[in-house]
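Student: I have just opened a new structure and would like to learn how to read it. Could you walk me through some features?
Tutor: Gladly! Let us look together.

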Amino acid sequence: MTDGEFGSEFDGAFGGEPGSAGGRAGPTRGEPAGEGRGDPFDEALALANAAAPACVRPETEAGAGAGADPTTVRVPYATRETAAPRSSTTGGGGDIPYTPDDPFSLDDPAACGNGHSSTSRSSSTPRSPRHSGSSDPSGSGDPPAPTASGPRPTLAALPWHIARDIAERAVPGPPAPETSALGDALGRTLAAPLTALTDLPSFDTSAMDGWAVSGPGPWRLDHPAGASEAGPPPGILAGHAPTEALHDGHAVPIATGARVPPGATAVLRSEHGEVRELSDGGRRLYAPQPAPPGQDIRPRGQECRRGDQLLPAGALVTPAVLGLAAAAGYDELTAYRRPRAEVLVLGDELLDHGLPQDGRIRDALGPMLAPWLHALGVEAAAPRHLADDADTLYAAVAESTADVVITTGGTASGPVDHVHPTLRRLGAEVLVDGVAVRPGHPMLLARLAPHRHLVGLPGNPLAAVSGLVTLAEPLLRTLAARPPAAPYRTPLAAPVHGHPQDTRLVPVAYREDERHGLTAAPLRFHGPAMLRGIAAADALAVVPPGGAERGTELELLELPWSAGWSPVSSTGWTAPGGA
């Protein structure tokens, strides 16, 4: 089998995106594989790690003849510098600039699978074996990249949906749940159903300020036991249990939330009653309308009875859930802890303040990623800025104790792209190395150790957002035991150009349309290095290869802060359609 044949076999295993070398649309999750094929997820994972045999053309002197048979090798680590281009996403490290007014043409290098871009700091400048090995402080060097005389495996970037599925299933589930005080459970996921420990309310309660009355009116106003006979009766206040029953034809003032005395049949609101003085010095309460039994009384157990399930396991602990749990008698909750992430922003060219100058630019990812992770319910400290130094990156990743390390930039094969060599030195297992998506195709996912992962995001801002929603969010959602949002689709308000082979993620904003109702309007300024579009967006539209016309319903990935805009109810911290 030749290199080209290997690429076709890879595409066929996942049913490449329409317009790609693979042909048909990729299988949906749960779709049975064709006869004679395994699970596409398992095949993708195996190929991404080269756990399956990688068939390559022998290029050593002994096998360089035209009639030499293919040699099967097992690649310990699939890197971008050792993988020949197969699709438009494997030809270079940077993303191709793209605007709706300048669609890809047939002569675009991106359409041919060998395009390069100068807009990304993760450029595709080849890395020499000497440079790759220079990062080892011990002097032993990283495993050298295969040279032209060695076997060269050919790997294709994974289809977008397959890559997301791998990220979601990269861990078997969340860590063991923990029991914590109510306040510490905010943002976590319940590990067990929330069951009422008491009736709510736990006693008959007045719903209004007024008078508790017994029987039909008018009613004689009583002084509660122990109260002075001089002046108006103080009534029953919240937090004070009445000691005497209320007799028929009598009334007593009562405050909202106070316990209704035995014998009371209703509560008469203060604005509906009139108190008149009697000749004997007593007082009588009159009402223009009768007070039907049960009026303005919240009966015991109206909201729930002891033992009722209030929320199922898997529910997100929101501020309202904390209030409900407290009302139901809880001091602690058992929930899955929030995943911990560490963000490493790579690049000598980045400034953390002031205006761009002398060839250096402002860091846009550091201020964006930590709050974005917080919105997903993840614990993340302030990002760390690291210089473009292999040893520095190696030490930072090796010493991190976070569940997920997130790096920005350095995922391609440029002269200062150290992520792949660092993963090799750590003996990491690569799960995803390149995704057929624009922007952001040089993203990667690797397992550093059991229950510890690294997500490598491209350095361009919008490309990094693409990697965040494609790989980081599904992985973190599984670690937090949050269920995936229901698929959410909305018609387009305008046509969107598509990449010839890859999925595109395009910022959109919700708009009302007379014909289609709620629609998704594509926004301008969505190049890989731009954030102006995503800053005004409600969601990212998943655009298939070839694009989509106005009115076409597309899958949407809602942004964490736009949940209130969704017409579909949410089951978690992220909105429906949010990844």
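Student: This is a predicted model, I gather. How should I read two helices that pack together?
Tutor: In general, two packed helices are described by the angle between their axes and the distance between the axes. Here, helix 5 (residues 160–168) packs against helix 10 (residues 461–479) at an angle of about 30°, and their axes are 7 Å apart. Angles under 35 degrees count as roughly parallel, so helix 5 is roughly parallel to helix 10.

Student: Is the crossing of helix 5 and helix 10 left-handed or right-handed?
Tutor: Helix 5 and helix 10 cross in a right-handed way. On the helix 5 side, the contact is made by Trp160, Ala163, Arg164, Ala167 and Glu168. Helix 10 contributes Val469, Thr470, Leu471, Glu473, Pro474, Leu475, Arg477 and Thr478.

Student: How do the residues of that contact of helix 5 with helix 10 divide?
Tutor: There are 7 nonpolar, 2 polar and 4 charged residues in it.

Student: Which residues make the contact of helix 7 with helix 10?
Tutor: From helix 7 come Leu365, Met368, Leu369, Trp372 and Leu373, and from helix 10 come Pro461, Ala464, Val465, Leu468, Val469 and Leu476. Sorted by class, this contact has 11 nonpolar residues, with no polar and no charged ones.

Student: Now for strands. What is the general idea, and how does strand 8 pair with strand 10?
Tutor: In a regular strand the side chains alternate between the two faces of the sheet. In this model, strand 8 (residues 210–213) pairs with strand 10 (residues 250–254) in the antiparallel sense, over 4 bridges.

Student: In which sense does strand 8 pair with strand 11?
Tutor: Strand 8 and strand 11 (residues 266–269) are antiparallel, over 4 bridges. Look for Gly210 opposite Arg269 of strand 11.

Student: How many helices and strands are there in the protein chain?
Tutor: The chain has 11 helices and 31 strands. Of its 579 residues, 51% count as buried. Among contacts with a separation of 6 or more, 73% link residues 24 or more positions apart.

Methods: Residues are numbered from 1 along each chain as its sequence is written. This is a predicted model: local features need pLDDT of at least 70, side-chain atom pairs count only at pLDDT 80 or more; totals for chains, interfaces and linings use all residues. Side-chain values use heavy atoms; hydrogens and water are left out. Axes are lines fitted to C-alpha atoms, for helices over the stretch in contact, and angles run from 0 to 180 degrees between N-to-C directions. Helices (H or I, at least four residues) and strands (E, at least two) are DSSP runs, numbered from the N terminus. Angles under 35 degrees count as roughly parallel, over 145 as roughly antiparallel, 65 to 115 as roughly perpendicular and the rest as oblique. A crossing is left-handed if the near helix is turned anticlockwise from the far one by less than a right angle, and right-handed if clockwise. Contact means heavy atoms within 4.5 Å. Ala, Val, Leu, Ile, Met, Phe, Trp, Tyr, Cys and Pro count as nonpolar, Asp, Glu, Lys and Arg as charged, and the others, Gly among them, as polar. Two strands pair if DSSP finds at least two bridges between them. Buried means under 20% relative accessible area, exposed over 50%, partly exposed in between (1.4 Å probe, protein chains only).
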